[in-house]
Structures are given as structure tokens and as C-alpha cells.
Amino acid sequence: MSMPRSRSVRTTSLRDPDTRFTDSEKIEGAGSWEALEWTKIDPVTRSVPHGIQHLLLQAEHVIVEGYGVVLINTDEAGTLFITNFRLLFLSEGSRNIIALGTIPLATIEKFSKIVMKFPAAPRQADKAPRSADKTPSRRLLQVIGKDMRIIVFGFRPRTKQRRAVYDALLRWTRPLRIWDLYAFASGPSRFSNTNPKVRLLNEYFRLLGLRSHATTRMIEDGSFTLSNEHWRISSLNSSYALCGTYPFALLIPKSIR
């Protein structure tokens, strides 16, 4: 039996020179950082799809949704969201985040549209020849991360969902305005403490879903090593003996001892 034939339609690499935009479309003030209006951030109000508000980070909003998408890696159906921070995939049944199908936009190396054509079933001699446009095919989107993972999504035929997702990735992996980056859209930190160690721990606590707030005493006595179901904060590098350029506290999988 012959193997399916794949044909890459278009590939976008984030390392390639920017040839997609005209001079008028490129970032305003690209010739000088001083020309950028850092404080001019237009407020945007967007509706949040029902049931995922608790999954979004602060200032994270949904750009495009794709329903009935299949994560080919695991053959799992679900919903694909493109936000201003990441590509987010939720399972259809549990509505849980599928880690393999979720990747921050900043860690995407390249992505491409692929058409996978399958050989047609053998036809009988007394039947009319099968037309070429009825050859079974599957429309896929391949995403390659800088961490070397390869994610492949399959989309429903005769819909424009793959086009919408592809266009959103083009737009938000290389935004035209500097303040469209999630780092700027999220605004200043809610924590006013100027101690960088305290700010780091508070960010770890937020990522772990904890309600705790860091203090200098926690750092001094080493009581900051909190955890949730999957992740924990390690004090292995508290004296910077492990690596002088790593932070004093590390966020690692809970299973690692």
C-alpha cells in the first residue's frame, strides 16, 4: 500500500528576513527606539469564550478559536485557541489544557500548512473514473517549537478555520506594534516590592496558583519551597553554587528530587 503523500503549501520561519510586510506595515519608529510611544497603548475590549476565563493569564485574551480540531500527535479532538500569549489546546471532553498542544508564541520556531493526500480506493472497471478533486485529503497545520517539539493539528474540511489560525499566528508571532507583545499588554507588575527575589517568588506563586505572598523572611529561612500538584520551587541554587547566572529559586517538576 502506498504511503500518504504530503505537500507543504507554505512555511513561515521566524528566523527568515521579514519579506511579508511593506514599508508602511512595518513597526512604527523601527529606525529608532526613541520614536516609539511607549505609553500609548490602545485599550482593547474583547469577549472571552465561555468556560475558559479561569485558564487565561492576566491580560491574556483570545484572538482566534478553532473547533473540532484534532491534535494529530495524540489523535485527540478539542478546541484550539490563539491568544496574544500562546497557542492553547483544550480537550473536547474534559476541557483540560493539553500540554503537548500548548506552546507560547515566543517559543514557536516556524509553522506551515500541509495537505496530506491519501490514495483513493481501487475503483471497479464498470464505474466511472474518480475525479482528481475527490481524492481523500487532510488539511494540517504543523508547528515547530524552539524546544524541538513538532505539533500537528488537523482541521475540518471545507472550513476556513485553518486559514484563520494561520493568519493569527502570522500576526501575533511577529506583531507590528511593540505594545502588542504580551510582555507590554500585561502592563506593570502588580507587586510593588523592589526586591527582585521577592518579585520572582511572587511570580512563581502566581504560576503555581497559590495565594501566598513572598517576604524577605521566607527567603532568609528557606520556607519559600512551596508546590502544587505538578510543580515545586527548589532552593537548590539558593547560594548560586549550582549556576551563578540562574535565579536563586528554580521552578521544577515536582517529581524531580
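This is a predicted model: local features need pLDDT of at least 70, side-chain atom pairs count only at pLDDT 80 or more; totals for chains, interfaces and linings use all residues.
Helices, as counted here, are DSSP runs of H or I with at least four residues, and strands are runs of E with at least two, numbered from the N terminus. In these terms α3 makes the greatest contribution to the lining of the largest pocket, with 3 residues.

The largest pocket has a volume of about 970 Å³. Its lining comprises 23 residues, and those closest to the centre of the pocket are L57, R86, L207, L208 and W231. Two elements, β5 (103-104) and α3 (196-208), each supply at least two residues of this lining. Sorted by class, the lining holds 13 nonpolar residues, 5 polar residues and 5 charged residues.

The largest nonpolar core consists of 23 residues. Within this core, the residues with the most contacts are L80, L87, V143, F153, V165 and L169. Two or more residues each come from the strands β2 (62-71), β3 (76-83), β4 (86-91), β6 (108-117), β7 (137-145) and β8 (150-155), and likewise from the helix α1 (161-173). The element giving the most is α1, with 6 residues. The surroundings of V143 can be listed individually: leaving aside residues up to four places away in sequence, V143 touches L87, I108, K110, F111, R149, I150, I151 and F153. Another core, of 12 residues, lies apart from the largest one and includes Y204, F205, A214 and M218.

A pair of aromatic rings is described by the distance of the centres and the angle of the planes. The model contains 4 aromatic pairs. One of them, formed by F85 and Y182, is tilted, with 4.9 Å centre to centre and 45° between the planes. This pair links distant parts of the chain, since F85 is in the loop between β3 and β4 and Y182 is in helix α2 (residues 182-185), 97 residues apart. The two partners fall on either side of the cut-off for burial, which is under 20% relative accessible area. F85 has a relative accessibility of 25% and therefore counts as partly exposed, whereas Y182 counts as buried because its relative accessibility is 16%.

A further pair, F111 with Y166, is edge-to-face, at 5.5 Å centre to centre and 75° between the planes.

How values were computed: Residues are numbered from 1 along each chain as its sequence is written. Side-chain values use heavy atoms; hydrogens and water are left out. A nonpolar core is a set of buried Ala, Val, Leu, Ile, Met, Phe, Trp, Tyr and Cys residues joined through side-chain atoms within 4.5 Å. Buried means under 20% relative accessible area, exposed over 50%, partly exposed in between (1.4 Å probe, protein chains only). Contact means heavy atoms within 4.5 Å. On a 1 Å grid over the protein atoms alone, a cavity is a set of points where a 1.4 Å probe fits but cannot get out, and a pocket is an open set with protein on both sides within 12 Å along at least five of seven lines; lining residues have an atom within 4 Å of a point. Grid points are joined across faces, edges and corners, and a volume is the space filled by probe spheres set on the points. Ala, Val, Leu, Ile, Met, Phe, Trp, Tyr, Cys and Pro count as nonpolar, Asp, Glu, Lys and Arg as charged, and the others, Gly among them, as polar. Rings of Phe, Tyr and Trp (its six-membered ring) pair if their centres lie within 6.5 Å; planes under 30 degrees apart count as stacked, over 60 as edge-to-face and the rest as tilted.
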